[in-house]
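Subject: Structure handover

Hello,

Here is the structure we talked about handing over. Please have it open while you read the rest of this message.

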Amino acid sequence: MKLSKKSEYGLRALLELTLADGTTTLQRHQIAERQRIPVEFLEQILLPLKRAGLLSSRRGMKGGYALIKRPEEITVGQVIRILDGPLAPISCVSKTAYQKCPDCPYANKAHCPVQQVMGPVRDAIADILDHHTLKDFAAGHRKGS
C-alpha cells in the first residue's frame with residue numbers, strides 16, 4: 001500500500017481542523033496555507049470528506065470547514081478508505097470491496113497462495129490504521145510542535 005497525495009493532504013487538512021478544537025471554522029485557504037496544500041486540490045479532498053459526514057461547511061465571510069465528528073471518532077483508516085478506497089493490497093483480500101481476480105488460476109479454488117500472504121498484510125495495515133484516530137494524530141503533533 002502506498003499512501004496517495006490525496007490521503008496525505010486529507011490527513012493533514014483534518015489535522016488542521018482537529019487542532020482548531022471545534023471552536024472555529026477554517027477556510028480552505030487557511031488550511032491550504034498552514035499545511036502547504038494546493039488550494040485547488042484541497043477542495044477535491046474536502047468534498048468527499050464532507051459527503052462522508054466527517055466535515056461541515058458554511059459559506060460566507062465567517063464560513064469555512066469544521067469537523068462534525070469528534071477527533072477520537074475518526075480513524076486514519078476511515079479517512080484513507082474515503083479518499084483512496086480499500087486498504088487491501090489486492091482486491092481479492094479486501095473486506096470492504098472484495099473482487100474475485102478474473103485472471104487468477106486460483107480464483108475458483110479453496111486455496112490461493114497470494115491471498116494467504118496478502119490477507120495478513122491487509123489485516124496488519126487495517127489493525128494499525130483503524131486504531132489511530134485524529135485525536136492521536138493531534139496529540140503527536142502537539143508533542144512534536
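Below is what was found in it, going from the whole chain to single residues.

Overall layout

Please keep in mind that this is a predicted model. The chain has six helices and two strands, and from the N terminus on the order of the elements is α-α-α-β-β-α-α-α. The C-alpha trace spans about 60 × 30 × 25 Å along its principal axes. Of the 145 residues in the chain, 36% are buried.

The strands

Strand β1 covers residues 55-58 and pairs with β2 in the antiparallel sense, over four bridges. The two form a hairpin with five residues between them. Gly60, in the turn, has a positive phi of about 105°.

Strand β2, residues 64-67, is covered on both faces. Gly64 and Ala66 lie on one side and Tyr65 and Leu67 on the other, and all four of these residues are buried.

Arg58 belongs to strand β1, and its bridge partner in β2 is Gly64. With a relative accessibility of 51%, Arg58 counts as exposed, because the cut-off for that class is over 50%. Leaving out residues up to four places away in sequence, Arg58 touches Thr25, Gly63 and Gly64. Gln27 is 31 residues from Arg58 in sequence, and the C-alpha to C-alpha distance between the two is 9.3 Å.

Helix packing

Which helix does α1 pack against at an angle of about 130°? The partner of α1 (residues 5-19) is helix α4 (residues 76-84), and the axes of the two are 9 Å apart. The crossing in which α1 passes α4 is right-handed. On the α1 side, Lys6, Ser7, Gly10, Leu11 and Leu14 take part, and they meet Val76, Val79, Ile80, Leu83 and Asp84 in α4.

Thr75 sits in the loop between β2 and α4. Its relative accessible area is 16%, and Thr75 is therefore buried, the limit being under 20%. Apart from neighbours within four places in sequence, Thr75 is in contact with Leu129, Asp130, His132 and Thr133.

Cysteines

How many disulfides does the model have? The count comes to zero. A disulfide is a covalent bond between the sulfur atoms of two cysteines. For Cys104, the closest cysteine sulfur is in Cys112, at 4.4 Å, which is too far for a bond because the two sulfur atoms would have to be within 2.5 Å.

Are the cysteines Cys92 and Cys104 buried or partly exposed? Cys92 has a relative accessibility of 9% and counts as buried. Cys104, at 22% relative accessibility, counts as partly exposed.

Regards

Notes. Residues are numbered from 1 along each chain as its sequence is written. This is a predicted model: local features need pLDDT of at least 70, side-chain atom pairs count only at pLDDT 80 or more; totals for chains, interfaces and linings use all residues. Side-chain values use heavy atoms; hydrogens and water are left out. Buried means under 20% relative accessible area, exposed over 50%, partly exposed in between (1.4 Å probe, protein chains only). Two strands pair if DSSP finds at least two bridges between them. Contact means heavy atoms within 4.5 Å. Axes are lines fitted to C-alpha atoms, for helices over the stretch in contact, and angles run from 0 to 180 degrees between N-to-C directions. A crossing is left-handed if the near helix is turned anticlockwise from the far one by less than a right angle, and right-handed if clockwise.
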